[in-house]
Amino acid sequence: MNKINLLVFLGAASLGLFLAGCDTPQTRIEANPAAFNSLPPQQQALVKAGQVGIGMSMEAVKLALGDPDRVTSRQDAQGEEQVWHYVEYEADGMYLYTGYYARWRHRGWGGWGGGWGWGGYPWYLDYPNRTVYDRISVEFRNGVVVAINRDQP
């Protein structure tokens, strides 16, 4: 294999690995088809759209939204609930992307422009004036969605 073909191959392989790492409802469905196929058609449509609904299981919510950013519990007169929080960050009116690939991006080494690279530090934490709010929080009782809350930024 000559040098140009090798470079093209390595570039294509790198792009493929990057795109394969994107966390979307479709990639989660493909990773767990049995869980998706066990859902009723209405819930399958919600999962494909990256949405959740009352009555969905924890597994269905994970297919739709991915892993929660934070988990808390809440107790009321009816018992205990588990709350999954999916958060967003904003700084100076600018939305800070926190998606799957950005969780590991950080400042300090590598990359173009002398300082952006990949590592174990979420880059959006570099904004000390950031505002954190729940994009969506999902409340579960006995493993089933009983409430969905959306914060308005």
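Buried means under 20% relative accessible area, exposed over 50%, and partly exposed in between (1.4 Å probe, protein chains only). This is a predicted model with residues numbered from 1 along each chain as its sequence is written. Local features need pLDDT of at least 70, side-chain atom pairs count only at pLDDT 80 or more, totals for chains, interfaces and linings use all residues, and side-chain values use heavy atoms, with hydrogens and water left out.

**Exercise 1.** Find where asparagine 142 sits, and say whether it is buried or exposed.

*Solution.* Start with the place: asparagine 142 is in the loop between β6 and β7 (144–149); strands are DSSP runs of E, at least two residues, and helices runs of H or I, at least four, numbered from the N terminus. Next, its relative accessible area is 76%, so asparagine 142 is exposed. Finally, check the backbone: asparagine 142 isn't a glycine, yet phi is positive, about 55°.

**Exercise 2.** List what leucine 65 touches.

*Solution.* Take contact as heavy atoms within 4.5 Å. Skip residues up to four places away in sequence, and you're left with Arg28, Gly50, Val52, Tyr86, Ile136 and Val138.
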